[in-house]
Amino acid sequence: MKLSRNWLKQYVRLYASAEELQRAITFLGFEVEGVVDTRFTPLEHVVVGEIKTRAKHPNADKLSVCTVDVGPAHGGVRTIVCGAHNCDPGHRVPVALPGAVLPGDFHIKQSKIRGQQSDGMMCAPDELGLGGEHAGLLILDPAAPVGAPLHEVLPEGDVIFDIEVTPNRPDVLCHLGLARELAAWLRYDIRFPEIRFRGETRGSRPDLLADISVQAPEDCPLYVGIAVAGVKVGPSPAWLQERLRAVGLRPINNLVDVGNYVMLELGQPLHVFDARKLGGRKLVVRRAGDGERLTTLDGKERELNASMLVIADETRPLVVAGIMGGLDAGVDETTTDIVLEAAYFRPQSIRATSRRLGLASDSSYRFERGVDPHGTREAAYRAIDLILETAGGTVVGPSFQVGGDRPWSREIQVGPAFIRERLGFHISDEDMREALQSLNLAIVGESEDRRGGPTWTVSIPSYRTDLDRPIDLVEEVLRIHGTDRVPAAPCVGPALADGDDDPVAVFNRRAAEYLVGQHFHEVVNYTLRSQRELTTWVSQAAAEELALANPFVDDQSHLRPTLVLGILDSLRLNQSRGVPAARLFETGRVFMELGGTVQECVAAGFVICHQPKERAWLGRPEPDFYSVKRQVAVLARQAGLELADADLAPVRGSFWGWQEGHSAAAGEMRDGWTARFGLMNLAMIRALGIEGKVWAGVIAILPQRLTGAAGRRRYRPFSLFPAALRDLALVVDAARPASDVRARLVAVAEAQATAAFRVEAVEVFDVYRGQGLPADKKSLAFALSFRSGERTLTDQEVNAAFAKIQQEIAADGSIVVRS
């Protein structure tokens, strides 16, 4: 946003240099992206001259030979050769005399140009460092004294600061807002613009405005309409045009310019209607109809829908509320009667409409971030003052205000001891009090805390909606005290090894390192999803549990319960752009319902897309259920969990977007974690526009379950001696999980190991059903590995241990050793 130093000086004394003001704005917390100084730097030997005669150059078609009076002190009338098209007699122009040095180290001296003597140079604006195009001489005021130094007759000039305002500070999107900040920093008083109009009207003119109705009060809690009769449309006064041009706006006419001026002064967007163009002499704030059309001021026809707010008359929409007016409802040179609009619109509504239409404006920029509804009426009154001053007219009744100021009362309790504790250095109570009060944060009460120290009750003004916690006031004190005054101190803290870090950070880091090592690409998505997406992919219950109370936009209205939805968005984008990355993962937060409350969980998820038609000289093998199960098992292990210890349940239906019969779930949130993995629902994947089969896995864990996951890795020596291998086939019930049988075998084998050797591994390598076995039985073949760290094992000792394992594993009768 561009802000003018001259404009700011209307509200606060600014004796500081441009560099000092830039530093102040930066320390107040606003990034200065650029500074443009339009002030003229005095140049020696550059004076005001008056062109007396102009003749064609005898040796050049595009040059003129002029006589120019530069005053008796500078040699009187001089001959100067000029190539500008506007070097006409009578004009007073800047003249650089011999000896002058212009910007760019350009030295002026007497010279001959095409054989003609030239005693100086008449100057264009860019040649003097004033900017602009090289389109002719700079024409000065006819009253400028001939021979006077140029810097004495030029306008004062200005300094324009282009600053980046953070989204939580909409109060600074105007000159008065930044003036309040600078007044606090410089310890000066703020001067508010005088508002003379207080709502009085002369007579009643219902033929101009008969009624205002608001049919969508949830999106427009306050709407003010004031009629003015007998205005005269014309150019704005020079001072008003100068203010607007300084910040990059083009003056249009006095009525439109007043609206822009007040928006840039107070931060409240306004709109001016031509009263003659209001059908039925009514204004209606309503939602648009689906398919309704409006041609906006930029000349484009917009198709509206029922989610968009418009200002309409009795028959048609006139304005996209808070964003842009219609082409055929604005003021023009024939306008004589107007209606001024000042309103407060819900930021979420304006933001959603702006995004859907691809239409943004200075008004929408402010409404999206939130204007102060308690200043809406004052801004309207300020605009009426300026309209009467610049366009004349009479304020007539009836005036309308639909809705009212929303009650505002916010107080924060904070004590000096708390502020000092959070800052980490000493600031006196008096300095804190002065800093708060300079920002209009009045201390309205004082009490005693448990330690006997003072606790202040601080009243927050309505335009500072970003302040709602004691820590916010700590930041305000520090801003005004100055971050440059924070005393130097050594940073003291414990050195953290990987095992000492926060368990959530450790899990995210380890999960990402593992998946990157498995050739996955990391993606990052927002934690917010749309209601329709959750209803379709998860459940209606989840959509109700995870809805935000006050969403910014409709497509980011719910907390996400799974990472898979965002990863699928990235996969679809990759396919649409021809990007081959099809193995994607994400770590982050998801939200689950547990015991009637929404719990924040740490999660990791991935997708693998297989496209059989992919053109490659060597195709990748197609993933399957077991390959994604293995990835989830490793992720669970990073969190200190064993997937093999959990019961797997097949997913029924398309719940959470999984393909029935090809996916499974493990764990429950009541146990602190849950996982799902397998094939994604084929029909739903196709409906998203994704080609190929998609396999996925996701695990979500309550943070408190991760406390044991951050232990340090410790070195364990490995053996240099060969392993002794034995195979064992076990017959069990067909429904019994192989993981259960393996766990039993591992326990038996480890119990039979001696101090001389250990059981290094127990792995399934075959499953058999068929001839030779009952129909309700299956055979599981395991490979057992024995190893010693000190010597090569003998067959005799290994066979003895193996025999005991066979005997023990079959002891309870549920497992039979197959011979």
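## Basis

Residues are numbered from 1 along each chain as its sequence is written, and side-chain values use heavy atoms, with hydrogens and water left out. Because the model is predicted, local features need pLDDT of at least 70 and side-chain atom pairs count only at pLDDT 80 or more, while totals for chains, interfaces and linings use all residues.

## Cysteines

A disulfide is defined as a pair of cysteine sulfur atoms within 2.5 Å. The count under this rule is zero disulfides. For Cys66, the closest cysteine sulfur belongs to Cys87 at 3.9 Å, which is too far for a bond. Seen from Cys87, the closest cysteine sulfur is that of Cys66, again at 3.9 Å.

Cys66 is buried at 0% relative accessibility, and Cys87 is buried with a relative accessible area of 0%.

## Aromatic pairs

A pair of aromatic rings is described by the distance of the centres and the angle of the planes. Rings of Phe, Tyr and Trp (its six-membered ring) pair if their centres lie within 6.5 Å; planes under 30 degrees apart are stacked, over 60 edge-to-face, and the rest tilted. The count is 10 aromatic pairs. One of them is Phe345 with Phe367, edge-to-face at 5.1 Å centre to centre with 70° between the planes. This pair links distant parts of the chain, 22 residues apart: Phe345 is in the loop between β22 (337-344) and α6 (347-357), and Phe367 is in helix α7 (residues 362-369). Helices (H or I, at least four residues) and strands (E, at least two) are DSSP runs numbered from the N terminus. Phe345 is buried at 1% relative accessibility, and Phe367 is buried at 3%.

Phe625 and Tyr626 have ring centres 5.4 Å apart and planes at 85°, so this pair is edge-to-face. Phe625 is buried, with a relative accessible area of 19%, whereas Tyr626 is exposed at 60%. Trp7, Trp239 and Tyr261 form one aromatic cluster.

## Charges over rings

A charge sits over a ring if NZ of Lys or CZ of Arg is within 6 Å of the ring centre and within 35 degrees of the ring normal. Arg180 lies over the face of Tyr463, 3.8 Å from the ring centre. Arg676 lies over the face of Trp656, at 4.5 Å from the ring centre.

## Helices α9 and α11

Axes are lines fitted to C-alpha atoms, for helices over the stretch in contact, with angles running from 0 to 180 degrees between N-to-C directions. The axes of α9 (residues 416-423) and α11 (residues 470-481) come within 10 Å and cross at roughly 70°. The two helices are therefore roughly perpendicular; angles under 35 degrees count as roughly parallel, over 145 as roughly antiparallel, 65 to 115 as roughly perpendicular and the rest as oblique.

Contact means heavy atoms within 4.5 Å. Phe418, Ile419, Arg422 and Leu423 of α9 meet Pro470, Ile471, Val474, Val477 and Leu478 of α11.

## Ala734 and Gln752

Ala734 lies in the loop between β36 (724-733) and α18 (738-752) and is partly exposed at 22% relative accessibility. Leaving aside neighbours within four places in sequence, Ala734 is in contact with Arg769, Asp776, Lys777 and Lys778.

Gln752 is in helix α18. With neighbours within four places in sequence left aside, Gln752 is in contact with Ala801, Lys804, Ile805 and Glu808.

Definitions and conventions. Buried < 20%, exposed > 50% of the residue type's maximum accessible area, 1.4 Å probe, protein only.
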